[in-house]
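Visitor: Please take a close look at one part of this structure and tell me about its surroundings. After that, I would like to hear about pairs of charged side chains.

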Amino acid sequence: MTHKTAKLILPGSRGNHEQTIELPILHGNLGPDVIDVTSLYTKTGYYTYDPGFMSTGSCSSEICYIDGDKGILLYRGYPIEKLVESYDFMDVTYLLLNSNLPDQQQKNEFVNAINFHTMLHEQVINFFQGFRRDAHPMAIMVGVVGALSSFYHDSLNIHDPIERSLASYRLIAKAPTIAAMAYKYSMGHPFIYPQNHLDYATNFLHMMFAVPTSDYKVNHVLAKAMDRIFILHADHEQNASTSTVRIAGSSGANPFACIAAGVASLWGPAHGGANEAVLNMLHKIGKCKNIPEYIQKAKNKDDPFLLMGFGHRVYKNYDPRAKIMRETCHEVLEALGIKNDPLLDLAIELERIALEDDYFIERKLYPNVDFYSGIIFKAMGIPTSMFTALFAVARTVGWVSHWNEMVADPRQKISRPRQLYTGFKVRRL
Ligand code: ACO
(Lines give C-alpha, C1' and ligand atoms only; values in the text may rest on other atoms or scores of the structure.)
Protein backbone atom coordinates (compact mmCIF):
# COMPACT_ATOMS: atom_id res chain seq x y z
CA MET A 1 0.00 0.00 0.00
CA THR A 2 1.34 3.45 -0.94
CA HIS A 3 0.86 6.31 1.51
CA LYS A 4 3.77 8.72 1.07
CA THR A 5 6.49 9.46 -1.43
CA ALA A 6 10.25 9.95 -1.08
CA LYS A 7 11.99 12.75 -2.95
CA LEU A 8 15.25 11.88 -4.65
CA ILE A 9 17.53 14.62 -6.01
CA LEU A 10 19.86 13.30 -8.68
CA PRO A 11 22.88 15.24 -9.94
CA GLY A 12 23.23 15.89 -13.66
CA SER A 13 25.48 13.27 -15.23
CA ARG A 14 26.33 11.90 -18.68
CA GLY A 15 24.25 14.48 -20.50
CA ASN A 16 21.29 14.42 -18.06
CA HIS A 17 20.24 17.51 -16.11
CA GLU A 18 19.88 17.55 -12.34
CA GLN A 19 16.44 16.20 -11.55
CA THR A 20 14.18 15.58 -8.59
CA ILE A 21 11.81 12.66 -8.67
CA GLU A 22 9.26 11.25 -6.27
CA LEU A 23 9.23 7.54 -5.49
CA PRO A 24 6.30 5.80 -3.78
CA ILE A 25 6.81 4.58 -0.22
CA LEU A 26 5.13 1.23 0.38
CA HIS A 27 3.80 0.32 3.76
CA GLY A 28 3.74 -3.35 4.87
CA ASN A 29 1.71 -4.73 7.78
CA LEU A 30 4.80 -4.89 10.01
CA GLY A 31 8.38 -3.71 9.67
CA PRO A 32 9.98 -0.71 8.00
CA ASP A 33 8.38 1.03 5.03
CA VAL A 34 10.14 0.51 1.70
CA ILE A 35 10.91 2.92 -1.14
CA ASP A 36 9.61 1.50 -4.41
CA VAL A 37 12.44 2.02 -6.92
CA THR A 38 11.00 -0.14 -9.71
CA SER A 39 10.44 2.93 -11.94
CA LEU A 40 13.80 4.56 -11.11
CA TYR A 41 15.66 3.45 -14.20
CA THR A 42 12.92 4.29 -16.69
CA LYS A 43 12.40 7.69 -15.06
CA THR A 44 16.04 8.66 -14.53
CA GLY A 45 18.52 6.27 -16.16
CA TYR A 46 19.96 5.38 -12.72
CA TYR A 47 20.05 1.98 -11.03
CA THR A 48 20.39 1.39 -7.30
CA TYR A 49 23.54 -0.38 -6.04
CA ASP A 50 23.25 -2.79 -3.11
CA PRO A 51 25.53 -5.85 -3.22
CA GLY A 52 24.49 -8.36 -0.57
CA PHE A 53 21.00 -6.76 -0.49
CA MET A 54 21.83 -4.80 2.65
CA SER A 55 18.90 -2.39 2.13
CA THR A 56 16.87 -4.11 -0.55
CA GLY A 57 13.54 -5.91 -0.35
CA SER A 58 13.38 -8.35 -3.27
CA CYS A 59 9.67 -9.17 -3.09
CA SER A 60 6.56 -8.82 -0.96
CA SER A 61 5.59 -11.87 1.06
CA GLU A 62 2.94 -12.95 3.59
CA ILE A 63 4.77 -15.99 4.94
CA CYS A 64 7.30 -14.98 7.56
CA TYR A 65 8.21 -11.85 9.53
CA ILE A 66 11.39 -11.14 11.51
CA ASP A 67 12.03 -8.18 13.78
CA GLY A 68 15.78 -8.50 14.17
CA ASP A 69 16.11 -5.76 16.80
CA LYS A 70 13.48 -7.24 19.08
CA GLY A 71 14.34 -10.88 18.34
CA ILE A 72 10.85 -11.70 16.99
CA LEU A 73 10.07 -14.43 14.44
CA LEU A 74 6.52 -14.97 13.17
CA TYR A 75 5.27 -17.69 10.81
CA ARG A 76 2.07 -16.42 9.16
CA GLY A 77 1.67 -14.10 12.16
CA TYR A 78 2.22 -16.70 14.91
CA PRO A 79 5.26 -16.31 17.23
CA ILE A 80 7.71 -19.17 16.85
CA GLU A 81 7.79 -19.78 20.64
CA LYS A 82 4.01 -20.43 20.68
CA LEU A 83 4.16 -22.72 17.67
CA VAL A 84 6.85 -24.98 19.16
CA GLU A 85 4.92 -25.13 22.42
CA SER A 86 1.65 -26.45 21.00
CA TYR A 87 2.05 -27.64 17.41
CA ASP A 88 4.05 -30.17 15.47
CA PHE A 89 6.05 -29.88 12.25
CA MET A 90 3.15 -31.05 10.05
CA ASP A 91 0.86 -28.36 11.56
CA VAL A 92 3.54 -25.76 10.88
CA THR A 93 4.14 -27.07 7.36
CA TYR A 94 0.42 -26.79 6.65
CA LEU A 95 0.44 -23.29 8.12
CA LEU A 96 3.36 -22.10 6.01
CA LEU A 97 1.85 -23.53 2.83
CA ASN A 98 -1.78 -22.57 3.41
CA SER A 99 -1.59 -19.56 5.73
CA ASN A 100 -3.78 -21.08 8.51
CA LEU A 101 -3.27 -23.85 11.04
CA PRO A 102 -5.20 -27.02 10.13
CA ASP A 103 -8.19 -28.39 12.04
CA GLN A 104 -8.02 -32.11 12.89
CA GLN A 105 -9.60 -33.28 9.64
CA GLN A 106 -7.40 -31.01 7.51
CA LYS A 107 -4.36 -32.23 9.42
CA ASN A 108 -5.23 -35.91 8.87
CA GLU A 109 -5.81 -35.37 5.16
CA PHE A 110 -2.60 -33.36 4.85
CA VAL A 111 -0.46 -35.94 6.66
CA ASN A 112 -1.94 -38.70 4.48
CA ALA A 113 -1.22 -36.67 1.35
CA ILE A 114 2.41 -36.12 2.41
CA ASN A 115 2.84 -39.77 3.44
CA PHE A 116 1.68 -40.90 0.03
CA HIS A 117 4.93 -39.50 -1.42
CA THR A 118 7.57 -40.51 1.15
CA MET A 119 9.10 -43.26 -1.00
CA LEU A 120 11.58 -42.49 -3.75
CA HIS A 121 11.13 -43.87 -7.25
CA GLU A 122 13.34 -46.99 -7.28
CA GLN A 123 15.33 -45.52 -10.17
CA VAL A 124 16.16 -42.45 -8.07
CA ILE A 125 17.72 -44.82 -5.57
CA ASN A 126 20.19 -45.88 -8.28
CA PHE A 127 21.60 -42.35 -8.28
CA PHE A 128 23.14 -42.90 -4.85
CA GLN A 129 25.44 -45.60 -6.23
CA GLY A 130 27.12 -42.99 -8.43
CA PHE A 131 28.47 -41.03 -5.46
CA ARG A 132 31.68 -41.73 -3.61
CA ARG A 133 31.06 -43.28 -0.20
CA ASP A 134 32.71 -40.27 1.43
CA ALA A 135 30.66 -37.71 -0.55
CA HIS A 136 29.30 -34.90 1.61
CA PRO A 137 25.54 -35.49 2.27
CA MET A 138 24.80 -31.99 0.95
CA ALA A 139 26.52 -32.87 -2.34
CA ILE A 140 24.30 -35.95 -2.53
CA MET A 141 21.21 -33.88 -1.66
CA VAL A 142 21.94 -31.28 -4.35
CA GLY A 143 22.35 -34.09 -6.89
CA VAL A 144 19.41 -36.29 -5.89
CA VAL A 145 16.88 -33.46 -5.32
CA GLY A 146 17.92 -32.02 -8.70
CA ALA A 147 17.57 -35.48 -10.25
CA LEU A 148 13.92 -35.60 -9.14
CA SER A 149 13.26 -32.99 -11.81
CA SER A 150 13.92 -35.64 -14.45
CA PHE A 151 11.12 -37.76 -12.96
CA TYR A 152 8.56 -34.98 -12.64
CA HIS A 153 9.04 -32.54 -15.47
CA ASP A 154 7.07 -33.04 -18.70
CA SER A 155 3.76 -33.51 -16.91
CA LEU A 156 4.25 -30.51 -14.58
CA ASN A 157 2.35 -27.29 -15.22
CA ILE A 158 3.58 -24.88 -12.55
CA HIS A 159 0.72 -22.48 -13.27
CA ASP A 160 -1.79 -25.05 -12.02
CA PRO A 161 -2.11 -24.72 -8.19
CA ILE A 162 -2.98 -28.42 -7.83
CA GLU A 163 0.15 -29.48 -9.69
CA ARG A 164 2.18 -27.04 -7.62
CA SER A 165 0.79 -28.63 -4.45
CA LEU A 166 1.68 -32.08 -5.72
CA ALA A 167 5.28 -31.01 -6.45
CA SER A 168 5.46 -29.36 -3.02
CA TYR A 169 4.16 -32.45 -1.22
CA ARG A 170 6.62 -34.63 -3.10
CA LEU A 171 9.53 -32.42 -2.08
CA ILE A 172 8.47 -32.22 1.59
CA ALA A 173 7.81 -35.98 1.76
CA LYS A 174 10.97 -37.10 -0.02
CA ALA A 175 13.51 -34.71 1.56
CA PRO A 176 13.92 -36.79 4.78
CA THR A 177 14.11 -40.02 2.77
CA ILE A 178 16.91 -38.57 0.61
CA ALA A 179 18.81 -37.18 3.61
CA ALA A 180 18.57 -40.46 5.54
CA MET A 181 19.63 -42.45 2.46
CA ALA A 182 22.65 -40.17 2.01
CA TYR A 183 23.68 -41.11 5.55
CA LYS A 184 23.02 -44.83 5.09
CA TYR A 185 25.01 -44.76 1.87
CA SER A 186 28.01 -43.21 3.63
CA MET A 187 27.83 -45.97 6.25
CA GLY A 188 27.51 -48.75 3.69
CA HIS A 189 24.22 -49.76 5.37
CA PRO A 190 21.11 -50.84 3.49
CA PHE A 191 18.56 -48.10 2.96
CA ILE A 192 15.65 -48.08 5.39
CA TYR A 193 12.37 -47.28 3.68
CA PRO A 194 9.91 -44.79 5.18
CA GLN A 195 7.31 -46.06 7.63
CA ASN A 196 4.15 -44.05 7.13
CA HIS A 197 2.61 -44.94 10.49
CA LEU A 198 5.38 -42.87 12.13
CA ASP A 199 5.23 -39.10 12.41
CA TYR A 200 7.58 -37.03 10.24
CA ALA A 201 10.42 -36.60 12.76
CA THR A 202 10.19 -40.16 14.12
CA ASN A 203 10.15 -41.55 10.60
CA PHE A 204 13.27 -39.57 9.77
CA LEU A 205 15.16 -40.83 12.85
CA HIS A 206 13.97 -44.36 12.08
CA MET A 207 15.30 -44.14 8.50
CA MET A 208 18.60 -42.82 9.90
CA PHE A 209 19.22 -45.33 12.67
CA ALA A 210 17.18 -48.51 12.12
CA VAL A 211 18.83 -51.54 10.54
CA PRO A 212 16.95 -54.44 8.90
CA THR A 213 18.35 -56.99 11.33
CA SER A 214 16.58 -55.80 14.47
CA ASP A 215 13.68 -53.72 15.74
CA TYR A 216 14.48 -50.09 16.39
CA LYS A 217 12.33 -47.84 18.53
CA VAL A 218 12.94 -44.12 18.29
CA ASN A 219 13.30 -42.36 21.67
CA HIS A 220 10.25 -40.08 21.84
CA VAL A 221 12.16 -37.25 23.58
CA LEU A 222 14.61 -37.21 20.67
CA ALA A 223 11.78 -37.37 18.13
CA LYS A 224 10.08 -34.43 19.86
CA ALA A 225 13.35 -32.49 19.84
CA MET A 226 13.86 -33.24 16.14
CA ASP A 227 10.30 -32.13 15.38
CA ARG A 228 10.97 -28.87 17.22
CA ILE A 229 14.26 -28.36 15.38
CA PHE A 230 12.43 -28.89 12.08
CA ILE A 231 9.88 -26.21 13.10
CA LEU A 232 12.63 -23.75 14.06
CA HIS A 233 14.36 -24.22 10.70
CA ALA A 234 11.26 -24.33 8.51
CA ASP A 235 11.37 -20.76 7.25
CA HIS A 236 13.20 -17.49 7.66
CA GLU A 237 11.89 -15.12 5.00
CA GLN A 238 14.28 -13.98 2.26
CA ASN A 239 17.51 -15.68 3.44
CA ALA A 240 20.18 -16.64 0.90
CA SER A 241 18.79 -20.09 0.05
CA THR A 242 15.14 -18.98 -0.14
CA SER A 243 16.13 -16.04 -2.34
CA THR A 244 18.10 -18.49 -4.48
CA VAL A 245 14.99 -20.66 -4.87
CA ARG A 246 12.93 -17.59 -5.80
CA ILE A 247 15.53 -16.41 -8.32
CA ALA A 248 15.86 -19.86 -9.88
CA GLY A 249 12.07 -20.24 -9.97
CA SER A 250 11.49 -16.77 -11.40
CA SER A 251 12.42 -18.06 -14.86
CA GLY A 252 9.69 -20.71 -14.64
CA ALA A 253 12.24 -23.49 -13.97
CA ASN A 254 11.30 -26.93 -12.69
CA PRO A 255 10.61 -26.74 -8.90
CA PHE A 256 12.77 -29.76 -8.06
CA ALA A 257 15.71 -28.08 -9.80
CA CYS A 258 14.92 -24.82 -7.94
CA ILE A 259 14.93 -26.56 -4.56
CA ALA A 260 18.26 -28.22 -5.49
CA ALA A 261 19.60 -24.68 -6.02
CA GLY A 262 18.33 -23.80 -2.52
CA VAL A 263 20.15 -26.83 -1.07
CA ALA A 264 23.36 -25.64 -2.76
CA SER A 265 23.05 -22.16 -1.30
CA LEU A 266 22.25 -23.49 2.18
CA TRP A 267 25.42 -25.59 2.18
CA GLY A 268 27.76 -22.61 2.65
CA PRO A 269 29.33 -22.00 6.10
CA ALA A 270 27.90 -18.48 6.27
CA HIS A 271 24.37 -20.00 6.04
CA GLY A 272 23.20 -23.53 6.90
CA GLY A 273 26.73 -24.90 6.98
CA ALA A 274 27.33 -22.94 10.18
CA ASN A 275 25.96 -25.70 12.47
CA GLU A 276 28.67 -28.05 11.19
CA ALA A 277 31.24 -25.25 11.48
CA VAL A 278 30.23 -24.56 15.13
CA LEU A 279 31.00 -28.09 16.19
CA ASN A 280 34.30 -28.11 14.30
CA MET A 281 35.15 -24.81 16.00
CA LEU A 282 34.29 -26.15 19.49
CA HIS A 283 36.52 -29.16 18.87
CA LYS A 284 39.30 -26.84 17.74
CA ILE A 285 38.97 -24.64 20.84
CA GLY A 286 39.07 -27.82 22.88
CA LYS A 287 39.10 -26.42 26.42
CA CYS A 288 37.53 -23.46 28.25
CA LYS A 289 41.00 -22.08 29.01
CA ASN A 290 41.58 -21.59 25.25
CA ILE A 291 38.45 -19.44 24.75
CA PRO A 292 40.16 -16.02 25.24
CA GLU A 293 42.69 -16.87 22.51
CA TYR A 294 39.88 -17.70 20.06
CA ILE A 295 37.87 -14.60 21.03
CA GLN A 296 40.98 -12.56 20.16
CA LYS A 297 41.26 -14.37 16.82
CA ALA A 298 37.58 -13.61 16.06
CA LYS A 299 38.18 -9.92 16.77
CA ASN A 300 41.35 -9.71 14.71
CA LYS A 301 40.49 -8.40 11.23
CA ASP A 302 43.68 -9.92 9.80
CA ASP A 303 42.56 -13.37 10.93
CA PRO A 304 39.83 -15.07 8.87
CA PHE A 305 38.53 -16.87 11.99
CA LEU A 306 34.95 -15.97 12.98
CA LEU A 307 32.99 -17.16 15.96
CA MET A 308 30.72 -19.61 14.13
CA GLY A 309 27.11 -19.61 15.30
CA PHE A 310 27.41 -15.93 16.20
CA GLY A 311 26.00 -12.98 14.30
CA HIS A 312 23.15 -12.67 11.86
CA ARG A 313 22.27 -10.34 9.01
CA VAL A 314 18.84 -9.63 10.50
CA TYR A 315 18.98 -10.42 14.23
CA LYS A 316 20.69 -7.72 16.23
CA ASN A 317 19.37 -9.33 19.40
CA TYR A 318 19.25 -12.90 20.72
CA ASP A 319 17.89 -15.14 17.92
CA PRO A 320 14.59 -16.46 19.38
CA ARG A 321 15.36 -19.84 17.83
CA ALA A 322 18.71 -20.01 19.67
CA LYS A 323 16.89 -19.66 23.02
CA ILE A 324 14.61 -22.62 22.21
CA MET A 325 17.61 -24.58 20.93
CA ARG A 326 19.46 -24.05 24.20
CA GLU A 327 16.48 -25.42 26.20
CA THR A 328 16.10 -28.33 23.77
CA CYS A 329 19.80 -29.07 24.13
CA HIS A 330 19.42 -29.49 27.91
CA GLU A 331 16.33 -31.71 27.45
CA VAL A 332 18.06 -33.98 24.94
CA LEU A 333 21.20 -34.39 27.04
CA GLU A 334 19.05 -35.21 30.06
CA ALA A 335 16.97 -37.75 28.10
CA LEU A 336 20.19 -39.42 26.98
CA GLY A 337 21.58 -39.42 30.51
CA ILE A 338 24.51 -37.18 29.55
CA LYS A 339 25.29 -35.36 32.80
CA ASN A 340 28.27 -33.32 31.70
CA ASP A 341 28.90 -32.68 28.06
CA PRO A 342 32.27 -30.93 27.69
CA LEU A 343 31.20 -29.38 24.36
CA LEU A 344 28.03 -27.93 25.90
CA ASP A 345 30.04 -26.56 28.83
CA LEU A 346 32.47 -25.04 26.34
CA ALA A 347 29.63 -23.52 24.27
CA ILE A 348 27.95 -22.00 27.35
CA GLU A 349 31.23 -20.49 28.52
CA LEU A 350 32.06 -19.21 25.02
CA GLU A 351 28.63 -17.59 24.79
CA ARG A 352 29.05 -16.00 28.24
CA ILE A 353 32.48 -14.56 27.45
CA ALA A 354 31.47 -13.29 24.00
CA LEU A 355 28.30 -11.63 25.28
CA GLU A 356 30.37 -9.68 27.83
CA ASP A 357 32.95 -8.58 25.26
CA ASP A 358 32.71 -5.02 23.88
CA TYR A 359 33.48 -6.17 20.32
CA PHE A 360 30.41 -8.45 20.26
CA ILE A 361 28.24 -6.00 22.24
CA GLU A 362 28.98 -3.06 19.91
CA ARG A 363 28.29 -5.13 16.79
CA LYS A 364 25.20 -6.75 18.33
CA LEU A 365 26.55 -10.24 17.68
CA TYR A 366 24.45 -12.86 19.50
CA PRO A 367 24.25 -16.65 19.21
CA ASN A 368 22.16 -17.70 16.20
CA VAL A 369 20.07 -20.85 15.64
CA ASP A 370 23.16 -22.85 14.72
CA PHE A 371 25.08 -22.28 17.92
CA TYR A 372 23.39 -25.07 19.93
CA SER A 373 21.91 -27.27 17.21
CA GLY A 374 25.20 -29.08 16.53
CA ILE A 375 25.52 -30.15 20.17
CA ILE A 376 22.01 -31.59 20.08
CA PHE A 377 22.64 -33.43 16.81
CA LYS A 378 25.92 -34.82 18.09
CA ALA A 379 24.24 -36.11 21.25
CA MET A 380 21.60 -37.80 19.07
CA GLY A 381 24.38 -39.63 17.22
CA ILE A 382 24.03 -37.66 14.01
CA PRO A 383 27.41 -37.18 12.31
CA THR A 384 28.62 -33.62 11.81
CA SER A 385 28.48 -33.79 8.02
CA MET A 386 24.71 -34.50 8.22
CA PHE A 387 23.86 -31.35 10.21
CA THR A 388 23.23 -29.12 7.21
CA ALA A 389 21.27 -31.89 5.48
CA LEU A 390 18.83 -31.85 8.43
CA PHE A 391 18.49 -28.12 8.03
CA ALA A 392 17.73 -28.67 4.32
CA VAL A 393 14.98 -31.17 5.18
CA ALA A 394 13.23 -28.58 7.35
CA ARG A 395 13.85 -25.60 5.08
CA THR A 396 12.35 -27.44 2.11
CA VAL A 397 8.99 -26.36 3.58
CA GLY A 398 9.98 -22.68 3.51
CA TRP A 399 11.43 -23.01 0.01
CA VAL A 400 8.30 -24.56 -1.47
CA SER A 401 6.06 -22.06 0.36
CA HIS A 402 7.99 -19.15 -1.16
CA TRP A 403 8.16 -20.80 -4.56
CA ASN A 404 4.36 -21.26 -4.53
CA GLU A 405 3.77 -17.70 -3.39
CA MET A 406 6.02 -16.35 -6.14
CA VAL A 407 4.60 -18.43 -8.99
CA ALA A 408 1.03 -17.57 -7.92
CA ASP A 409 1.78 -13.83 -7.92
CA PRO A 410 0.43 -12.29 -11.17
CA ARG A 411 3.00 -9.44 -10.89
CA GLN A 412 5.93 -11.87 -10.75
CA LYS A 413 8.79 -11.14 -13.15
CA ILE A 414 12.06 -12.90 -13.88
CA SER A 415 14.70 -11.77 -11.33
CA ARG A 416 17.37 -9.93 -13.22
CA PRO A 417 19.57 -7.53 -11.22
CA ARG A 418 21.87 -5.02 -12.93
CA GLN A 419 25.47 -4.15 -12.07
CA LEU A 420 27.98 -1.36 -11.68
CA TYR A 421 30.41 -2.18 -14.49
CA THR A 422 34.04 -1.69 -13.45
CA GLY A 423 35.77 -3.59 -16.26
CA PHE A 424 37.62 -2.28 -19.30
CA LYS A 425 36.00 0.30 -21.52
CA VAL A 426 35.87 -0.76 -25.18
CA ARG A 427 39.32 -2.10 -26.12
CA ARG A 428 40.88 -2.31 -29.55
CA LEU A 429 41.96 -5.72 -30.88
N1 ACO B 1 32.65 -13.46 14.62
C2 ACO B 1 33.39 -12.31 14.67
N3 ACO B 1 33.02 -11.16 14.09
C4 ACO B 1 31.86 -11.14 13.40
C5 ACO B 1 31.05 -12.28 13.30
C6 ACO B 1 31.46 -13.48 13.94
N7 ACO B 1 30.74 -14.58 13.87
N8 ACO B 1 29.95 -11.99 12.57
C9 ACO B 1 30.08 -10.72 12.22
N10 ACO B 1 31.24 -10.19 12.71
C11 ACO B 1 31.71 -8.80 12.60
C12 ACO B 1 32.17 -8.49 11.19
O13 ACO B 1 33.56 -8.74 11.04
C14 ACO B 1 31.83 -7.02 11.08
O15 ACO B 1 32.79 -6.30 11.81
P16 ACO B 1 33.22 -4.80 11.33
O17 ACO B 1 31.96 -3.98 11.42
O18 ACO B 1 34.29 -4.40 12.31
O19 ACO B 1 33.73 -4.96 9.92
C20 ACO B 1 30.53 -6.89 11.85
O21 ACO B 1 30.56 -7.97 12.83
C22 ACO B 1 29.27 -7.03 10.99
O23 ACO B 1 29.32 -8.27 10.32
P24 ACO B 1 28.98 -8.50 8.79
O25 ACO B 1 29.87 -9.60 8.26
O26 ACO B 1 28.98 -7.21 8.05
O27 ACO B 1 27.50 -9.01 8.91
P28 ACO B 1 26.69 -9.79 7.81
O29 ACO B 1 25.26 -9.45 8.07
O30 ACO B 1 27.21 -9.52 6.45
O31 ACO B 1 26.98 -11.33 8.14
C32 ACO B 1 26.82 -13.51 9.05
C33 ACO B 1 26.15 -12.13 8.90
C34 ACO B 1 27.20 -14.05 7.66
C35 ACO B 1 25.83 -14.49 9.66
C36 ACO B 1 28.08 -13.35 9.93
O37 ACO B 1 27.71 -12.85 11.20
C38 ACO B 1 28.85 -14.67 10.08
O39 ACO B 1 29.63 -15.02 9.19
N40 ACO B 1 28.62 -15.42 11.21
C41 ACO B 1 29.28 -16.68 11.41
C42 ACO B 1 28.61 -17.75 10.56
C43 ACO B 1 27.26 -18.14 11.08
O44 ACO B 1 27.03 -18.42 12.25
N45 ACO B 1 26.28 -18.22 10.13
C46 ACO B 1 24.92 -18.66 10.43
C47 ACO B 1 23.92 -17.57 10.16
S48 ACO B 1 22.32 -18.08 10.64
C49 ACO B 1 21.81 -19.13 9.42
O50 ACO B 1 22.12 -19.05 8.28
C51 ACO B 1 20.90 -20.16 9.83
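Predicted model: local features only at pLDDT ≥ 70, side-chain atom pairs only at ≥ 80, totals over all residues.

Guide: K378 sits in helix α17, which covers residues 370-380. Setting aside neighbours within four places in sequence, K378 is in contact with L279, H283, D341, L343 and F387. L40, by comparison, is 338 residues from K378 in sequence, and their C-alpha atoms are 51 Å apart.

Now to the charged pairs. Side chains of opposite charge can pair when their charged atoms come close. The whole structure holds 14 salt bridges. One of them joins D67 and K70, with 3.8 Å between the closest N and O atoms. D67 has a relative accessible area of 15%, so it counts as buried, while K70 is exposed at 61%.

Another salt bridge joins E405 and R246, at 2.7 Å from N to O. This pair links distant parts of the chain: E405 belongs to helix α18 (residues 387-408) and R246 to helix α10 (residues 240-249), 159 residues apart. R246 is buried, because its relative accessibility is 8%.

R326 and E351 also form a salt bridge, at 3.1 Å from N to O. Here the link runs between helix α14 (residues 320-335), which holds R326, and helix α15 (residues 342-355), which holds E351; the two residues are 25 apart. R326 is partly exposed at 30%, whereas E351 is buried at 5%. Finally, D88, D91 and K107 are linked in a network of salt bridges.

Key: Residues numbered from 1 in each chain as written. Heavy atoms only, no water. Helix = DSSP H or I, 4+ residues; strand = E, 2+ residues; numbered from the N terminus. Contact = heavy atoms within 4.5 Å. Salt bridge = Lys/Arg side-chain N within 4 Å of Asp/Glu carboxyl O. Buried < 20%, exposed > 50% of the residue type's maximum accessible area, 1.4 Å probe, protein only.
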